[in-house]
Every structure is written in C-alpha cells, then in structure tokens.
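Hi everyone, thanks for coming.

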Amino acid sequence: FGVESSVLALKSVDGLSLRAYEVAVENPKGVVICLGGIHSATITNWYGHSKLFADNGFASLLLDVRSHGGSEGNKIYAATREWMDVDAAVEYIRSNVRYNGVPIIAMGLSMGAATAVVATGRNEKIDALVALSAYSDWAYNFDLNVEQVAPKFVAKLLSSFVAAVTRLRFGDMAEITPVNEIKKLGARPALLVQATGDKLVPYGN
C-alpha cells in the first residue's frame with residue numbers, strides 16, 4: 001500500500017504483550033487507533049486504511065488486540081477486556097512527543113468497533129470514535145442472530161441462558177458493554193455505521 005510502519009511492543013495493564021504497527025506522518029492532524037474484527041488474523045490487513053489516513057494527514061496505530069496476530073492471549077473477551085489493550089496504545093501515543101496535542105481517534109470493525117466504543121467510554125484521553133458494525137451487547141447480538149433462523153420465542157428462551165454463560169465466561173466484566181459505555185462519551189464526537197444487510201451484527205443493535 002506504499003506505507004512504512006514501525007513495529008511496537010506494548011503491554012496491557014493486566015500484563016499481556018501486545019503488538020502494534022505505527023504509521024507516522026509529518027505534523028499529524030490526528031492519530032487513529034485501528035482495531036480489527038473477531039476473525040481478523042492480523043491487523044496488518046488495515047494498511048489500506050493507513051494509506052488513506054496518511055494521504056489526508058493522519059497517523060495511525062494498528063493494534064493486534066489480545067489473542068490476535070502477534071499479541072499474547074488465548075481467549076477472546078468480546079470487548080469486555082480488549083479495551084485494556086487500547087489503553088496501552090493510548091498511553092504510548094500520549095507519551096510520544098510527536099503526538100503532543102494531537103487528537104486520538106479509536107476506530108474499529110465488528111468486535112473491534114465494540115472495543116473502540118468501550119475503550120472510548122472508559123478512557124477520556126480518546127477524543128473521538130468511529131465504530132463500523134459494532135454490537136451493542138454480546139448476548140443481545142446472539143439473540144438477534146438466533147431470530148434470523150428461529151422464531152422469536154426461541155430466542156427469548158435462550159436469552160437468559162446466553163446471559164448466564166456470558167457472565168460465567170467474562171466474569172465481573174460481563175457488564176462492560178458498548179451500550180453501557182457509550183453513555184460516557186459526553187460531548188466527544190462519534191460516528192456509528194451499521195449495515196441493514198449485516199447478518200453477523202444485525203442492524204437491530
């Protein structure tokens with residue numbers, strides 16, 4: 001894509017080693033933290049976005065969240081913990097003199113979008129949000145998927161079970177959801193994009 005990147009080694013607050021890729025520009029207007037979807041093998045497939053950003057004066061930091069790409073981890077937490085990885089990226093940016101006074105934008109797709117929403121809600125150092133096909137709540141998104149292939153009453157029957165499994169899998173952090181955290185944005189700008197034909201993250205989110 002005609003962009004050069006530096007490989008970064010970051011550390012999450014709970015001790016995981018994370019890999020990120022920084023695409024720097026001269027006198028950046030902002031820096032975009034890019035977050036891929038749940039099935040994204042590596043965030044390097046966002047280099048095309050980095051090229052677009054760079055052409056318009058924006059730096060970017062492509063982050064492999066835990067259990068993706070070159071980052072540590074063997075469990076996916078559906079945005080209930082991945083926001084801590086974004087915090088590590090934010091701290092790197094804020095400690096770098098080239099980004100003094102430069103706004104930080106969190107941008108993601110699918111689970112990456114959900115992570116971007118949660119991270120922005122929980123971290124006031126993030127100045128803006130772009131979320132592409134974010135689910136509002138992991139369990140609710142499951143309900144919407146079931147409703148596509150079964151009657152609504154089946155989804156209702158499964159709903160409490162799925163909520164219980166979610167709490168069991170994610171523990172106390174199960175309550176950390178995009179629909180809860182987005183309320184904390186205050187006056188910070190957010191762009192939410194959802195496709196009416198999306199089957200994995202239905203428009204009902």
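Let's begin with a lining. In the second largest pocket, the lining residues divide into nine nonpolar, three polar and no charged. On the classes: Ala, Val, Leu, Ile, Met, Phe, Trp, Tyr, Cys and Pro are nonpolar, Asp, Glu, Lys and Arg are charged, and the others, Gly among them, are polar. The lining includes Val-117, Ala-131, Tyr-135, Pro-178 and Tyr-203. The space in this second largest pocket is about 180 Å³.

A quick word on where this comes from: we're looking at a predicted model, where local features need pLDDT of at least 70, side-chain atom pairs count only at pLDDT 80 or more, and totals for chains, interfaces and linings use all residues. Residues are numbered from 1 along each chain as its sequence is written, and side-chain values use heavy atoms, with hydrogens and water left out.

You'll want to know what a pocket is. On a 1 Å grid over the protein atoms alone, a pocket is an open set of points with protein on both sides within 12 Å along at least five of seven lines, a cavity is a set where a 1.4 Å probe fits but cannot get out, and lining residues have an atom within 4 Å of a point. Points are joined across faces, edges and corners, and the volume is the space filled by probe spheres set on them.

Now, how much space lies in the largest pocket? About 320 Å³. Its lining has 15 residues, and Ile-38, Ser-110, Asn-141, Leu-200 and Val-201 lie nearest the centre. Helix H4 (residues 138-147) gives the largest share of that lining, four residues. By class, the largest pocket is lined by eight nonpolar, six polar and one charged residues.

What about closed spaces? Searching the whole structure turns up one cavity of 30 Å³ or more. The largest cavity has a volume of about 50 Å³, and its lining includes Leu-35, Ser-40, Asp-64 and His-68. Here the classes come out as four nonpolar, five polar and one charged.

Let's zoom out. The protein has six helices and seven strands; those are DSSP runs, helices being H or I with at least four residues and strands E with at least two, numbered from the N terminus. The radius of gyration is 17 Å, close to the 17 Å from the globule rule for 205 residues, so the protein is as compact as a globular protein of that length. That radius is taken over C-alpha atoms, and the rule is 2.2 Å times the number of residues to the power 0.38.

Last stop: two residues. Is Ser-50 buried or exposed? Ser-50 counts as buried because its relative accessibility is 0%; buried means under 20% relative accessible area, exposed over 50%, and partly exposed in between, with a 1.4 Å probe and protein chains only. You'll find Ser-50 in helix H1 (residues 47-55). Beyond residues up to four places away in sequence, Ser-50 touches Val-3, Val-23, Ser-60 and Leu-62, where contact means heavy atoms within 4.5 Å.

Glu-22, over in strand E2 (residues 17-23), is also buried, at 5% relative accessibility. Leaving out neighbours within four places, the contacts of Glu-22 include Glu-4, Ser-60, Arg-98 and Tyr-99. Glu-22 and Ser-50 are 28 residues apart along the chain, and their C-alpha atoms are separated by 9.2 Å.
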